[in-house]
Amino acid sequence: MEHSIFMVIIAAMTPVVELRGAIPLGLALGIPPAEVFLLSLIGNILPIPFILLGIRCLLNEIKKIPRLHNWIDRKGKKGAGLLNEKIRRWGWLGLMIFVAIPLPGTGAWTGALAASFLSLKFWPSFLAIVGGVLIAGLLVTGASLGVISFF
């Protein structure tokens, strides 16, 4: 059972998979739903501060190579463009809603990367992402248990 717990946490920490894949995995491994939810939440949140702070530090170091920095900055801002529009319109609620949508490409990793590229403040971004992860976790757990149906 212990290795199953670590599998869920590691899956939730993984980009793309995140808790959207970790919750069904944990349930399939026979872990109780409340425990799966909590483990997935923790696993999905753990990398966020490192992404928010690490990408900023990395971008600051890359500034020493102007051509590379400009290219990465353009790509990052282009990728964050839609989210940028939503954040300007909805504020931190827009970031939270973006992270909460349980679809591929809208999770905590993408939200943290976008917040970093848009130079958003750490704590509001972190709290909005945590809120989004919590909502996504509730939606995915409900859908996995058959309590919520999207179609």
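Is glutamate 18 buried or exposed? At 3% relative accessibility, glutamate 18 counts as buried, where buried means under 20% relative accessible area, exposed means over 50%, and partly exposed lies in between, computed with a 1.4 Å probe on protein chains only. The structure is a predicted model, in which local features need pLDDT of at least 70 and side-chain atom pairs count only at pLDDT 80 or more, while totals for chains, interfaces and linings use all residues. Residues are numbered from 1 along each chain as its sequence is written, and side-chain values use heavy atoms, with hydrogens and water left out.

Glutamate 18 is found in helix α2; helices are DSSP runs of H or I with at least four residues, strands are runs of E with at least two, and both are numbered from the N terminus. The buried residues of α2 are Glu18, Leu19, Arg20, Ala22, Ile23 and Gly26. These buried residues pack against α1, α3, α7, α8 and α9, contact being defined as heavy atoms within 4.5 Å.

Helix α1 spans residues 2-13, which makes 12 residues. From its first C-alpha to its last α1 reaches 17 Å, close to the 16 Å expected at 1.5 Å a residue, the expected span being 1.5 Å times one less than the number of residues. Ser4, Val8, Ile9, Ala11 and Ala12 are the buried residues of α1. Seen down the helix axis, they fall within an arc of 165°, so they line one face of α1; the arc is that of the directions from the helix axis to the C-beta atoms. What covers these buried residues includes α2 (18-28) and α3 (33-45). The face of α1 turned away from its buried side carries the exposed residues Glu2, His3, Phe6 and Ile10.

Most residues other than glycine have a negative phi. Valine 16, in the loop between α1 and α2, has a positive phi of about 75° although it is not a glycine. At 70% relative accessibility, valine 16 counts as exposed. Glutamate 18 is likewise not a glycine, and its phi is positive at about 45°. Just after α2, glycine 30 takes a positive phi of about 85°. Serine 119, which follows α8, has a positive phi near 55°.

Glycine 107 lies in the loop between α7 (92-100) and α8 (108-117). With a relative accessible area of 3%, glycine 107 is buried. Leaving aside its neighbours within four places in sequence, glycine 107 is in contact with Glu18, Arg20 and Val99. The C-alpha atoms of glycine 107 and leucine 19 are separated by 8.6 Å, although these residues are 88 residues apart along the chain. In α8 itself, seven of the 10 residues are buried, so this helix is largely enclosed by the rest of the structure. The buried residues of α8 are Ala108, Gly111, Ala112, Ala114, Ala115, Ser116 and Phe117.

One of these, Ala115, is also touched by serine 125, a residue of helix α9 (residues 122-144). Serine 125 is buried, with a relative accessible area of 0%. Not counting residues up to four places away in sequence, serine 125 touches Leu52, Trp92, Leu95, Ala115 and Leu120. A polar atom of its side chain lies 2.7 Å from the backbone oxygen of lysine 121.

A search of the whole structure finds one salt bridge, defined as a side-chain nitrogen of Lys or Arg within 4 Å of a carboxyl oxygen of Asp or Glu. Glutamate 61 forms a salt bridge with lysine 64, and the closest N and O atoms are 2.9 Å apart. Glutamate 61 is partly exposed, with a relative accessible area of 48%, whereas lysine 64 counts as exposed at 63% relative accessibility.

In the unreviewed UniProt entry, the annotation "transmembrane region" covers residues 7-31, 37-59, 92-120 and 126-150; positions are given in the numbering used here, feature names are shortened, and annotations may be inferred rather than shown by experiment. Over residues 37-59 the model is 91% helix and 0% strand, with the end C-alpha atoms 33 Å apart. Residues 92-120 are 66% helix and 0% strand, and the end C-alpha atoms of this span lie 10 Å apart.

Note on methods:
Polar contact = N/O pair within 3.5 Å; in protein donor to acceptor, adjacent residues only side chain to side chain.
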